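Visitor: I would like to learn how to read a structure feature by feature. Please take the general idea of each before the case at hand.

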Amino acid sequence: MGKRNYLIEGVSGTGKSSVWQELRRRGYAAINGDRELAYQGDPTTGEKTEGFRHEHHIWDVEKVRRLAANQDDEATFFCGGSRNFKQFIDLFDEIFILDVDAETLNERLDNRTDNDTGKSKSERELILRLHATKEDLPNSGIVIDATQPLVSVADEILSHVRA
């Protein structure tokens, strides 16, 4: 999709889908990984699994590779979380990690209307643990303060892309 490819990551509730929408609104090539690439599968083998488990929320590696290899656009943004990102992280020119404080995260999960992730007690505990430990995120990248207004978050990401 792009001559340069960017990954926008963060725990659930940090604004990955909102950033995806904002980038699309501005005319950028952007992929919502949760909708376009994700499925339930073994993070090591990619083999599909039954039911829903957070640790089995993975992206189709071959599809990510195909999209990243396409050079039709100057830049493509891959927005979303994947438990197997280590298998394709080398495809990205830069990684942006959206971050918010725990209070903002809880408010966003409480007020979420587009999906129920984080509504159950066990999911909320998992999200807050992952937020605190950062264990589900790439260990390097540009951290973006996603408590800012959405347009400011997108502006900050784009300022790094243009630099």
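Guide: Start with exposure: a residue is buried under 20% relative accessible area, exposed over 50%, and partly exposed in between, with a 1.4 Å probe and protein chains only. Lys134 has 34% relative accessibility, so Lys134 counts as partly exposed. The model is a predicted one, in which local features need pLDDT of at least 70 and side-chain atom pairs count only at pLDDT 80 or more, while totals for chains, interfaces and linings use all residues. Residues are numbered from 1 along each chain as its sequence is written, and side-chain values use heavy atoms, with hydrogens and water left out.

Visitor: Where does Lys134 sit among the elements?

Guide: Elements are DSSP runs numbered from the N terminus: helices are H or I with at least four residues, strands are E with at least two. Lys134 falls in the loop between helix 5 (121-133) and strand 7 (142-145). Its phi is near 60°, a positive value in a residue other than glycine.

Visitor: How many helices and strands does the protein chain have, and in what order do the elements run?

Guide: The protein chain has six helices and seven strands. Read from the N terminus on, the order is β-α-β-α-β-β-α-β-β-α-α-β-α.

Visitor: How is the pairing of strands read, and which way do strand 2 and strand 5 run?

Guide: Two strands pair if DSSP finds at least two bridges between them. Strand 2 and strand 5 (residues 73-79) run parallel and are joined by four bridges.

Visitor: Are the residues of strand 2 buried or exposed?

Guide: In strand 2 (residues 29-32), Ala29 and Ile31 point one way, Ala30 and Asn32 point the other way, and all are buried. Strand 5 is mostly covered, with five of its seven residues buried.

Visitor: What does Glu36 touch beyond its sequence neighbours?

Guide: Contact means heavy atoms within 4.5 Å. Glu36 belongs to helix 2 (residues 33-36). Neighbours within four places in sequence aside, Glu36 is in contact with Trp20, Ala30, Ile31 and Lys63. With 36% relative accessibility, Glu36 counts as partly exposed.

Visitor: Which residues does Val64 touch?

Guide: Val64 is a residue of helix 3 (residues 61-69). Not counting residues up to four places away in sequence, its contacts are Leu37, Trp59, Phe78, Phe88, Leu91 and Phe92. Val64 counts as buried because its relative accessibility is 0%.

Visitor: Where are Ile95 and Ser18 placed?

Guide: Ile95 is in strand 6 (residues 94-99) and, at 10% relative accessibility, counts as buried. Beyond neighbours within four places in sequence, Ile95 is in contact with Leu7, Ile89, Pro138, Ser140, Gly141 and Ile142. Ser18 is in helix 1 (residues 16-25) and is partly exposed, with a relative accessible area of 34%.

Visitor: What do the contacts of the whole protein chain show about sequence separation?

Guide: Among contacts between residues at least 6 apart in sequence, 69% join residues at least 24 apart. Of the 163 residues, 43% count as buried.

Visitor: What is the radius of gyration of the protein chain?

Guide: The radius of gyration is taken over C-alpha atoms, and the globule rule is 2.2 Å times the number of residues to the power 0.38. For 163 residues a compact globule would be near 15 Å, and the protein chain has 15 Å, which agrees. Along its principal axes, the C-alpha trace spans about 45 × 40 × 25 Å.
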